[in-house]
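Good morning. I will take you through one protein chain, from its overall make-up down to single contacts. Please keep the structure open while I talk.

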Amino acid sequence: MKTLRPLLTVVWICLSLGAGLHPTGRLAAQESLCLDSCLQWAVQNYPLVEQLQLIDRSRDYNIKNINTGYILHANITAFGGYMEGLPDLSAMGMEVEPWRFAGILQVEQPIWDGGRIENQKKIARAEAEVNKSAVEIKIAELKEKVSEIYFGILLAQTQREQLQLQTETLEQSLKTLQSAAKAGSAFTSDADAVEVKLLQTEQQGIQLRRSERAYRRMLSIFIGRTIPETTVLEVPAIVLRSGREFDNRPEMALFEHRKRLLDAYNPGAGEVLPRVSLQGMGLLTVPQLKMPNGGDWNHLLLGGINVSWPIGGRAYTMGVDKKRLKVEKDQVDREKESFEMGQRINLTRQTELLAQWDELIAYDDRIIDILARRTRTLEARYKNGVVPIADWLQAVSEESAARQNKALHEIQKMMTSYQYNRELGY
C-alpha cells in the first residue's frame, strides 16, 4: 500500500489535467481491456488532439492570405475642390476652371517579388509544424499518465488476488476451529485469533478495492468509457526495444522544426532582391480642359513595367540578423544535446532497474518457497499442539506479504520496461 500512495498522488494530478474529459461509452461487464486500446481511446478522447487539425486549417488559411500577394492590386484616389492661383491661359486658347474634380486609378500586377511570398509561406508551414510538435509532446505525456494508471490497476488487482488466497485459507481454518471449539477439542481463543486475522485481511482488501476503484474511475475519464469493476485488465506483453536512438521522440521532431523555422526567417530571402510588376495608371479630370487646337482633354492613361530595388536599409542590418539566427540555432542544438544526454541517463538507470527487478523476483520465488514450507510445517505443528496458533498466523501473514511483494516487483518491471521503450520513442 505504501507503493500505491505516491502513484495515487501522481494520478490525481493527472486527473486534474483531464478534468474536461467525460466517459461517453461503457465496456461490457465481462469484457477484457488491454493497454494499447486504452492509449488509443485516450488519444481520441483528448481535447488537445483536435488542435492538430486546427493548426493545419490555420496554416492553410495563412497560406491563402499570403497567396493574395500574387493577385492584381488596384487603388483609386479621388480629389475635388477649388484651386486658387492658377495662371490665366486664355491668351493661349486654354480655359482652366478653378472648380475641378480629378480621379486616379492605379493597378499593379506582381510578376516577381524576389521570393518574398514563397518565404512567407515557408514560415507559415514551419510555424505550424512547431506547434504540432508541441501538441505531440503533450499527447506523449498523456499516454504516460494513462499507462501509470493502468499499471496501478494491475498492481491493485494482482495484490487483491494474492490477498484472496490468504483469505480463503483463513476462512477454511476458521470454520475448522469453530467446529472443533463447539466439540470441545479446540480453544475458542484460537478461533477468535484466526477471526481477527481474517478481519485484518479483509481490511487490506477494502483498501486495495478502493484504490483499484479510484484508478478505474480515473482511467474511464481519460479513455471516455466507463469501466465496470468486473472488467479484467490484461497484462501487457512488453518487449524491450533495442538501440539508443531517440529519433522517434516528439521532442526530437520539435528541435528539428524549430531549426527549420529559424532557417525560414532567413533575412536574405527576398528582402534585398528587386521586385518586378506590371503597372498602369489612369487619370480623369472634370471639367475638361479646352486645348488651343479646339479639342478637349480630360484623361490620361499610362502603362509599363515597374522595377523596385531597395538598395539600403534592410541590407545594412541583414548581416547582424543572420548572426543572431545562427546563435538561436546553436541554442536549439545545445537543448537537443542536453535532451539526448538526459535520455541516455534515463536509459542507463532503467537498464539497471530492470536487472534489479529480475534479481528481486528471483529472490521472491526463493522466499515464497521457504515461507510456504514454513507455513505448512507450523500448521501441522499447531494441529499437533506443539506451537501456539499465533506462530502459524504470523507465518501465513509473512507468506502473503512475500507473494504481494513479488506481484509488486513484477508490475514494477513492466512499468520500467514500458518507460524504457518510451524513452526510445516507441
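Helices (H or I, at least four residues) and strands (E, at least two) are DSSP runs, numbered from the N terminus. Take helix α6, residues 250-264, as a case. This helix has 15 residues and reaches 21 Å from its first C-alpha to its last, close to the 21 Å expected at 1.5 Å a residue.

Now, where this comes from. The model is predicted, so local features need pLDDT of at least 70 and side-chain atom pairs count only at pLDDT 80 or more, while totals for chains, interfaces and linings use all residues. Residues are numbered from 1 along each chain as its sequence is written, and side-chain values use heavy atoms, with hydrogens and water left out.

The whole chain next. Its secondary structure comes to 8 helices and 8 strands. I will say "buried" for under 20% relative accessible area, "exposed" for over 50%, and "partly exposed" for in between (1.4 Å probe, protein chains only). Of the 426 residues, 37% count as buried. The accessible surface comes to about 25,100 Å², of which 55% belongs to carbon and sulfur atoms. Those areas come from the Shrake-Rupley method with a 1.4 Å probe, and for residues only the protein chains shown count as cover. A contact means heavy atoms within 4.5 Å. Among contacts with a separation of 6 or more, residues 24 or more positions apart account for 85%.

Back to α6 for a moment. Its buried residues include Met252, Leu254, Phe255, Leu261 and Leu262, and also Glu251 and His257.

Now helix α3, residues 50-67. Does its length agree with the rule or depart from it? At 1.5 Å a residue, the 18 residues of α3 should span 26 Å, and its end C-alpha atoms are 26 Å apart, which agrees. The buried residues of this helix are Leu52, Ile55, Arg59, Ile63 and Ile66. Seen down the axis of α3, they fall within an arc of 70°, so they line one face of the helix. The arc is that of the directions from the helix axis to the C-beta atoms. What do these buried residues pack against? They pack against α4. On the other side of α3, Glu50, Gln53, Lys64 and Asn65 are exposed.

Next, charges. A salt bridge is a side-chain nitrogen of Lys or Arg within 4 Å of a carboxyl oxygen of Asp or Glu. How many salt bridges does a search of the whole structure find? It finds 23.

Arg59 forms a salt bridge with Asp56, with the closest N and O atoms 3.4 Å apart. Both lie in α3, 3 residues apart, about one turn of the helix. Asp56 also forms a salt bridge with Lys132, where the closest N and O atoms are 3.2 Å apart. Asp56 lies in α3 and Lys132 in helix α4 (residues 116-183), so this pair ties together parts that are 76 residues apart in sequence. Asp56, at 22% relative accessibility, counts as partly exposed. Asp56, Arg59, Asp60 and Lys132 are linked in a network of salt bridges.

Another pair is Arg160 with Glu212, whose closest N and O atoms are 2.7 Å apart. Arg160 lies in α4 and Glu212 in helix α5 (residues 188-223), so the pair ties together parts that are 52 residues apart in sequence. Arg160 counts as partly exposed at 27% relative accessibility, whereas Glu212 counts as buried at 4%.

Now a residue in helix α8 (residues 389-423), Ile411. Is Ile411 buried or exposed? It is buried, with a relative accessible area of 4%. Not counting residues up to four places away in sequence, Ile411 touches Phe151, Leu154, Leu155 and Thr158. Ile411 and Phe151 are 260 residues apart in sequence and 6.8 Å apart in space, C-alpha to C-alpha.

Notes. Expected span 1.5 Å × (residues − 1).
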